[in-house]
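Welcome! Take a moment to look through the structure below, and then we will walk through it together, topic by topic.

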Amino acid sequence: MASHLEIELEKLKNVIVKINNLAENQVFEAVGILLSEPLSDKKQVKKTENKIDKLEVKIEDICQSIFALQQPVASDLRFIMSAMQISNEIERIGDLAMSMIKLNKNINSKYELVTKFNIEEIGREVEKIVIKTNVCFQNLDAEAIGEIYILNNSIKQKATAAVQNIIDDIKTNSKSIVSGMNLIMVLRNIERMGEHCTNIAESVYFMINAKVIKHEKHTDKNAEEE
Amino acid sequence: MKDIKIEVKDLSLYYGEKKALNDISMLIPSNKVTALIGPSGCGKSTFLRSINRMNDLIPSVKITGQMLVEGVDIYDKNVDVVNIRKKIGMVFQKSNPFPKSIYENIAYGPKINGMKNKTDLDEIVETSLRQAAIWEEVKDRLFDSAMGLSGGQQQRLCIARTLAVSPDIVLMDEPASALDPISTSKIEELVHELKEQYTIIIVTHNMQQAARTSDFTAFFYLGELIEIDKTKTIFTKPSKKQTEDYITGRFG
């Protein structure tokens, strides 16, 4: 029979999986709207955002309770420490997705811009990184961590290139300033989502290996080694 | 709170002239674990023994106030104290199995209460040992001496012995303080399971144990009840500074 602590840890894991799935849906929604294929209505999106916020608070409450009442040590302690950080990162991903959804309204001729600046590829990559991060946490998959770094680096490079192209376009076509600037902010949000995913991956690494790797420089080469 | 098992009203206890418990009032809920914590000499064990009138055995003890168990004041002169101690069982810090077989330790109580049928006794012995999570370890040696069991097993045997007479309430006075960590963990898990059927009150000087095992925690200091609340509240945001100071190790 599972101990009291094991039951609480399982409960915590299930809530994190839940919030992860909701944030994933928000990202798909944001990318879908960007690529002109919205998946659900505004009410549902707002509901999901509220659920994410409530679950983040619930996770903190569960962690506080476990710390105070169960005195976890070793891997259990690392799991709970990481759980608090991960839920915070996920909540930020949800916020960024909501911000993207709002910014989309100010982008005219979206389809043309998306095609012109190769945005679809970046959108699909951020969907991929969010899914991979979710699986990485659920399965404590150390191999996925390296893949997440590689994806993040790719998103950063592509987004940086796209931003530069948009800026160059704005210089020659002043009518595209508003749409261009909003699209730049969307791309910055996508980059930040990638960063949050790598932060989650680093927390998973800490859970598995009891080693802190945040703030270390990650190139594709050492990402493959990880 | 609904489902209150014990209501304590203005209970004071004197050892001769010395007042050991001062106007204690509290509610103890049914089918929950209530932990009593506090520094040495604060009165928690004295209070625990008041619940099943074990303090009656001390000649100089005087009690005022009321101890209502399911609405009945157990200190009323018409109350049968032997029946009280059957309904409110107790497990002590140092395990005290009888120098008899494992079987006889458990069967002793029911036999004293008039049970004679062997099938019934066998059933009670097995049920009690299962409830105390020790059946699998002793089922093949029920007629071996209980004194041959390890410390942790003896304590679980004592718990089984308490359960064999079908109590409503189980009092535990530092039941794991003499045990190794593994045995302690088993006792704590057992407490967690037993509350489904019994109301449990546990005295412990180990705050972390109180935090792990109980639903409610009462903090005693110098014979007074300082605070009682849900365990989570006591260990995350106690309302009294004294409680905060004690649980954070600043005194006691």
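Let's begin with one side-chain pair: the side chain of His205(B) makes a polar contact with the side chain of Glu174(B), at 2.5 Å. Keep in mind that this is a predicted model.

**Around His205(B)**

- Where does His205(B) sit in chain B? His205(B) lies in the loop that links strand E8 (199-203) to helix H8 (207-213) of chain B.
- Is His205(B) buried, exposed or partly exposed? Its relative accessible area is 47%, so His205(B) counts as partly exposed, since that class lies between under 20% for buried and over 50% for exposed.
- Leaving out residues up to four places away in sequence, His205(B) touches Glu174(B), Ser177(B) and Tyr246(B).

**Where chain A meets chain B**

- On the chain A side 11 residues are in contact with chain B, and on the chain B side 10 residues are in contact with chain A.
- The size of an interface is often given as the accessible area lost when the parts come together.
- Here, the area buried between chain A and chain B is about 930 Å², and carbon and sulfur atoms give 57% of that area.
- Three residues stand out: His4(A), Leu69(A) and Gln71(A) supply 50% of the area that chain A buries against chain B, more than any other three residues.
- How many salt bridges are counted between chain A and chain B? The count is one, and the side chains of Lys232(B) and Asp61(A) meet in a salt bridge of 2.9 Å, N to O.
- Three residue pairs are in polar contact across this interface, with both residues at pLDDT 80 or more.
- Helix H2 (residues 42-70) of chain A gives the largest share of the side that touches chain B, namely six residues.
- Sorted by class, that side of chain A has four nonpolar residues, six polar ones and one charged one.

**Chain A as a whole**

- Chain A has eight helices and zero strands.
- The C-alpha atoms of chain A fill a box of roughly 65 × 45 × 20 Å along the principal axes.
- For 226 residues, a compact globule would have a radius of gyration near 17 Å; chain A has 19 Å, which agrees.
- Of the 226 residues in chain A, 51% count as buried.
- Among contacts in chain A with a separation of 6 or more, 80% come from residues 24 or more positions apart.

How values were computed
Residues numbered from 1 in each chain as written. Chains lettered and ligands numbered in written order. Predicted model: local features only at pLDDT ≥ 70, side-chain atom pairs only at ≥ 80, totals over all residues. Heavy atoms only, no water. Contact = heavy atoms within 4.5 Å. Buried area = accessible area lost by both parts, 1.4 Å probe. Salt bridge = Lys/Arg side-chain N within 4 Å of Asp/Glu carboxyl O. Polar contact = N/O pair within 3.5 Å; in protein donor to acceptor, adjacent residues only side chain to side chain. Helix = DSSP H or I, 4+ residues; strand = E, 2+ residues; numbered from the N terminus. Nonpolar A, V, L, I, M, F, W, Y, C, P; charged D, E, K, R; others polar. Rg over C-alpha atoms; globule rule 2.2 N^0.38 Å. Buried < 20%, exposed > 50% of the residue type's maximum accessible area, 1.4 Å probe, protein only.
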